[in-house]
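The following exercises concern the contacts between parts of a protein model. Please examine the sequence and the structure, then work through each solution in order.

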Amino acid sequence: MSLLEAIGLRKAFPAGRTDLLGRRKDSLRAVDGVDISVGEGEVHGLVGESGCGKSTLGRILLGLIKNDGGCVYFMGRDIEEFAREDEDRLRSGMQIVFQNPYSSLNPRLSVGSTLREVVRVTSRRNASASAGRDDASRRVDAALDEVGLPRDVLPRYPRELSGGQLQRVGIARALLVRPRLLIADEPLSSLDLSVQAQILNLLAGLRESRGLAMLLISHDLRVIEHVSDRVSVMYLGRIVETGPTDELFSGALHPYTRALIASASDPRRALNRKTESAVLPTMMGEPPDAINLPRGCRFATRCPYRMPRCAQEEPDLLDAGGGHRSACWLLA
Amino acid sequence: MSELLKIEGLEVSFDDPAHRGEGGVARAVRGIDLVLGSNESLALVGESGSGKTAAVKAIMRLHDPTKTRVSGRIALEGRELSAMSEREMEGIRGRLVSMVFQDPMTSLNPVLRVGDQVAEAVSLSRGLNRRSARAVALELFAKAGIPSPEALFRRYPHEFSGGMLQRAMILIALAASPKLLIADEPTTALDVTVQVQILELIERQRRELGTALILVTHDMGVVAERTERAAVMYAGRIVESGRTLELLAKPLHPYSEGLLDALPRPGTRGEKLKTIDGFAPSVFEEAPGCPFAPRCRYVQRPCLAEIPALTEAATGRRVACHRARELDLRGIA
């Protein structure tokens, strides 16, 4: 079994119009039957557009949102049972890095206090009396080194740091509990381009140095392609394609994946187009209302290859060999 | 190609009492020269804080005069904008130059139907009565790829998706067939599959109306695919400009090279990306030398002494770097 293994995850939120008593009449199925796994030391990229449910999925995996259906196994144990009996160990095994580093740190605590607090809590748990103050500052210093921050950030407050520095603090905070899996939810999207490259290098480096497994959630295909071993593409609550990174990018099977790849603007393609003069294949329209999903394949309303069957039956992930699977009737 | 817009020595600074200790004046734009021909498309590229938005807002004269100082010359079709009264400016905005912003939700009136807002722009610009303006606006809705235009025409902004709102904003901005459209990160808030559609809409409308475009963006892919010329901004100045594809294939400024190097390349999975280390200089200060020098991997002594001027390096190529002639920088070709 993989380090993290989730089967048949479902989560719906009340949504839409309200009845007389203010109760929501409809529900939005944010995660609608998802299997996903992350192996030991593996980087799994989860890509999708806003509202596809990728962040909800990440939070279910961490146990931060309770799922309606399905199971999450971490290190071979059901996380619900894990959380009841051994919550500290679950929390220290799996950590998250958030999109917005400003809002994920306490503005009233200095960087040093935030990081020392993590050490204090984790060493209390380990109950080793040796974990004194010296040990705490030694561990905090080591974490700063690891994320490439100078010691002089310790007395400073979040508002005094740049976005890139704050994201490094967020990563240091996660590393201090020595996790085996990091769930990084859009860790780059609030950062400038040149800073994105720094944080991406940092995350890739941690995987090398610590053998840290990662679920990297992002809307940016270039970022996902650069660091992931395996990629899953999510659309309106479901994974529509999954496979090894190279295969998925060189031979995307699902029309949505192909459209995503074609839509991602790429300066190199523009340079080459002078000779090719190829017209970009683009996708029609916008996603349907997530509350009233159409019958059949949920991509059918925008799909250039739509067949009669697509409006009737929803395809499951179909095997294309080599771990590459696509939820599309074209494959059947 | 005739000259549509000419900017000379544009400076924009904001009073910022919160930073009184550092002088209290944020110098966002520090001397920009720019020429744009009619029908031409120009990308203004740079990271946050580089002064792109402050510069283009000055063209529309949208800065609050009580808190902002704008100096320099901005001429549109040979008419100096800074000399105009606010009343004259109202005749320019929308008619000669229009702007589309990043967040369409905050640019539309939330209590008016979207269709009526488009119709109002049409009626003002073409002098049509309400009924004819509505008919024209409805046609525009359909042309802009808004599905079931008649139903959506009667909806309010909060009932629109971001992509649909941005389409409506573009229709409003182009209702009077302006000579220049300024689009400030028009697709940054949108999903990539919708981004493409919005950029296509701008492109199509622009060609049809013969409108010039200034596209403010940080996305190199968008720059490459949508603009003829590009200007790279750093710390309030243009550090390099030229034909877009030439600039991307062979940048002349180390900062441009750094930006392009920071993009993941195909076939380099897992490799370390090159980064630009350090930070952009504070908007409150001015160092004596090249503003990029502290982060530049090619820095030499003269770079720290004098700010390099933006000078012609080749036909249509301008660069502000003391070492531009000797450096052989890497593009993305």
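**Exercise 1: Two domains of one chain**

Chain B is divided by its domain assignment into domain 1 (1-86 + 228-333) and domain 2 (94-211); such bounds come from an automatic or database domain assignment. This is a predicted model, in which local features need pLDDT of at least 70 and side-chain atom pairs count only at pLDDT 80 or more, while totals for chains, interfaces and linings use all residues. Residues are numbered from 1 along each chain as its sequence is written, and chains are lettered from A and ligands numbered from 1 in the order in which they are written.

Task: Describe how domain 1 of chain B meets domain 2 of chain B.

Solution.
1. Taken over C-alpha atoms, the centres of the two domains of chain B are 29 Å apart.
2. Ten residues of domain 1 of chain B contact eight residues of domain 2 of chain B, where contact requires C-beta atoms, placed from the backbone, within 7 Å.
3. On the domain 1 side, strand E1 (3-15) and helix H1 (52-60) of chain B each supply at least two residues. Helices (H or I, at least four residues) and strands (E, at least two) are DSSP runs, numbered from the N terminus.
4. H1(B) gives the most to this side, with four residues.

**Exercise 2: Two chains**

Task: State how many residues of chain A and chain B are in contact, and which element of chain A gives the largest share.

Solution.
1. In chain A, 33 residues are in contact with 37 residues of chain B.
2. Helices H6 (193-210), H7 (221-227), H9 (255-263) and H10 (267-276) of chain A give two or more residues each to the side that touches chain B.
3. The largest share, eight residues, comes from H6(A).

Notes. Two residues are in contact if their C-beta atoms, placed from the backbone, lie within 7 Å.
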